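Let's take a guided walk through a protein model, stopping at a few strands, helices and single residues. Keep the picture open beside you as you read.

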Amino acid sequence: MPTRGGPRRHARRVREVLPALTLSLALLAGTVSCSVIPTGGRSVMSVDDESKGSPLGDPYARVVAMPPKAGWSPEEVVTGFRSAMASPDDSGFGIARQYLAADFAAKWNPRSGVTVYRQGAYDKFAPIGAEDRQAQVTLKGTKIALIDPDGRYRPSGGPLNQPFTLARQADGEWRISTAPDGLLLSEADVARGYPPVDLYFLDARRKALVVDQVRVPIDPGANFAKTTVERLLRGPSSSLRDAVRTAFTGIGLVDVTTENNRVVVDLDGRVAEDLVDPMSAQLAATLSALTKGGWGFEVKVNGESYHPDAPLRVDAQKQSGFDPWLTPGAVDPYYLAAGGLRLLGKENTGQPVPGRAGQKRLGLDRPAISGQSVKQVAELSADRRSLSVAPLAAGGEWRVWASGESLAPPSWDRYDTLWAVDRPNDHTSVLTRYDGDGKRHYRVTAPDLETVYVKSLKVARDGVHVAVIVRDGLGEQVRIGTVIGEKERTRIANLQTVVDSENGRRIKDITWDDGKTLYALTDRSELLEASIAAEPMSLGTGSRIDSIAALDGRLLAGSTDEQGGKQVFYWTSSKWEALVRHENGTADFVENGPSFPAFPLG
């Protein structure tokens with residue numbers, strides 16, 4: 001049975017809302033090139049604090065950059081330059097440019113992106129002579145991520161070996177003459193000056209919310225709520241640009257303030273009437289993390305009421321009503337037992353679902369449950385050559401929807417379409433999308449997946465993010481991408497590896513928790529938490545876990561003991577507990593017992 005581990009969801013939420021403010025600058029030989037001063041403007045709130053702190057005026061750690069001083073060595077100049085790059089107060093990088101030679105200062109582009117590194121140190125170099133006109137200082141460390149100009153955070157490993165060339169100026173001072181474009185920041189710099197923010201956009205039908213995880217640089221001249229809304233109005237990052245929509249097309253921001261325990265968002269124009277609800281949901285979802293869900297919102301236009309005859313006030317949880325899958329609440333899981341599908345009910349006992357799906361059927365494995373009001377279950381045949389679907393309703397019969405050489409486990413999306421992957425050989429995958437009645441299907445264009453073996457594919461509940469287990473010449477990896485278009489125009493793009501093929505490990509299962517968090521189960525029964533905005537985190541290991549399922553913070557695992565008995569477990573935040581009770585009230589492993597838990601749209 002599972003032994004330890006778990007999603008540590010509380011800790012993850014703390015990391016999302018409360019970036020570390022510990023100053024850690026690699027200053028050498030007593031050189032001081034910046035100072036840290038607490039000041040207003042940035043919202044930093046403890047998740048455990050239940051009070052309604054203002055989202056506009058909480059302090060942040062201010063870093064004041066200092067210009068270069070006379071007589072500094074090349075090493076000290078590079079250290080000062082690095083510190084100036086990390087100063088939010090030098091938003092125009094005027095002080096940073098003072099460390100550069102005039103010709104290079106005119107062409108250096110600090111806004112081309114950020115390289116994030118850890119354990120930075122200078123390589124040893126020969127002593128500089130009084131007559132030397134050039135010098136080189138090399139910063140060594142480990143690259144951990146790249147931040148694109150639009151805020152997209154992409155984990156990226158490998159060694160850092162960055163040279164800075166310096167030239168002695170006419171006045172005898174050293175200035176940098178060659179350095180990379182963009183910013184070079186430590187983990188501490190990024191934690192302090194580039195907090196993570198979840199922006200929410202609309203799916204192609206403008207009926208659902210899709211999260212875009214970005215990093216937003218601190219602006220000392222604005223409260224963080226204003227900075228966040230300004231970033232929202234600029235549109236999605238490159239990973240979602242073609243996959244989502246926004247209600248704010250052509251709309252700018254005047255200000256974000258507070259009034260009567262409400263956050264007031266003052267725009268410079270109005271959206272179309274049919275976009276008022278989507279706009280309100282985007283704002284509420286994006287700002288809820290800053291307000292801890294306790295503040296309501298009001299939208300104004302140029303300081304006046306949004307509607308001529310009434311204000312536009314938005315409930316703090318508007319996003320939940322707009323998109324029920326964003327916070328789905330209590331949803332009972334399904335699981336397999338004795339060859340049939342069951343729904344967990346009262347006292348944690350299960351009942352067979354109605355229709356044929358609840359009756360014994362040989363070869364059932366990894367069921368996929370749709371999100372419709374009258375749900376359907378999709379399942380592969382034992383030989384993986386056909387895919388059948390049955391309604392979970394009285395009289396519901398199995399019907400074959402698809403056939404192939406070697407089909408992967410199916411996945412439903414929120415639009416009631418079913419995704420199937422056929423692998424005619426070990427280096428070819430064919431992706432197909434089936435309408436909710438199974439009568440029409442469409443080939444999915446996915447150039448990065450068509451020449452590899454797709455072991456599994458799962459569409460997130462937002463209908464836009466998609467995760468795949470891929471096997472290629474490097475081994476097995478987990479990649480996350482985006483679904484763009486519908487029907488015959490469907491394609492998958494922007495794939496990014498989030499779990500690599502480390503030490504030859506294999507991936508047994510993947511499951512979405514929400515629109516940004518994915519869990520992966522390895523062949524060593526290790527659970528990993530992955531996303532496109534962070535390095536994968538190990539949640540521990542569990543003995544003989546076969547499969548996983550998750551929804552809104554609940555993590556389930558199907559497990560088999562050494563005698564072949566089966567049971568489904570759930571994570572309690574400190575340990576694994578048996579979930580399903582048998583008719584006699586016990587929760588023991590039994591042959592043909594509970595296995596393969598599944599949530600709708602998992």
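Start with strand S6, residues 159-168, where seven of the ten residues are buried. Buried here means under 20% relative accessible area, exposed means over 50%, and partly exposed lies in between, using a 1.4 Å probe and protein chains only. Before going further, note that this is a predicted model: local features need pLDDT of at least 70, side-chain atom pairs count only at pLDDT 80 or more, and totals for chains, interfaces and linings use all residues. Residues are numbered from 1 along each chain as its sequence is written, and side-chain values use heavy atoms, leaving out hydrogens and water. Helices (H or I, at least four residues) and strands (E, at least two) are DSSP runs, numbered from the N terminus.

Which strands pair with S6? Two strands count as paired if DSSP finds at least two bridges between them. Strand S7 (residues 174-178) also pairs with S6 in the antiparallel sense, over four bridges; here Arg168 has Trp174 in S7 as its bridge partner. The hairpin of S6 and S7 has five residues between its strands, and in it Gly172 takes a positive phi near 90°.

## Two open sheets

Strands of a sheet pair through backbone hydrogen bonds, either parallel or antiparallel. S19 pairs with strand S20 (residues 376-380) over two bridges, and Ala368 stands opposite Ala378 in S20.

Another open sheet of four antiparallel strands has the order S23-S24-S25-S26. Its edges are S23 (411-412) and S26 (441-443); each has a single partner strand, so one side of each lacks a neighbour in the sheet. Between S23 and strand S24 (residues 418-425) there are two bridges, with Ser411 opposite Trp419 in S24.

## Where two helices meet

Helix H6 (residues 224-233) and helix H7 (residues 276-291) pack at an angle of about 145°, with axes 11 Å apart. The axes are lines fitted to C-alpha atoms over the stretch in contact, and angles run from 0 to 180 degrees between N-to-C directions.

Which residues make the contact (heavy atoms within 4.5 Å)? H6 brings Phe224, Ala225, Thr228, Val229 and Leu232, while H7 brings Gln282, Leu283, Thr286, Leu287 and Leu290.

His465 is in strand S28 (residues 465-472). Is it buried or exposed? At 5% relative accessibility, His465 counts as buried. Its side chain joins that of Asp462 in a polar contact of 2.7 Å. A polar contact is a pair of N or O atoms within 3.5 Å; within protein, one must be able to donate a hydrogen and the other to accept it, and residues adjacent in sequence count only if both atoms are side-chain atoms.

Arg384 has a positive phi of about 60° although it is not a glycine. Arg384 lies in the loop between S20 and strand S21 (386-391) and is partly exposed, at 28% relative accessible area. Leu601, also not a glycine, has a positive phi of about 55°. Leu601 sits in the segment after strand S39 (595-598) and is buried, at 2%.

Methods
Contact = heavy atoms within 4.5 Å.
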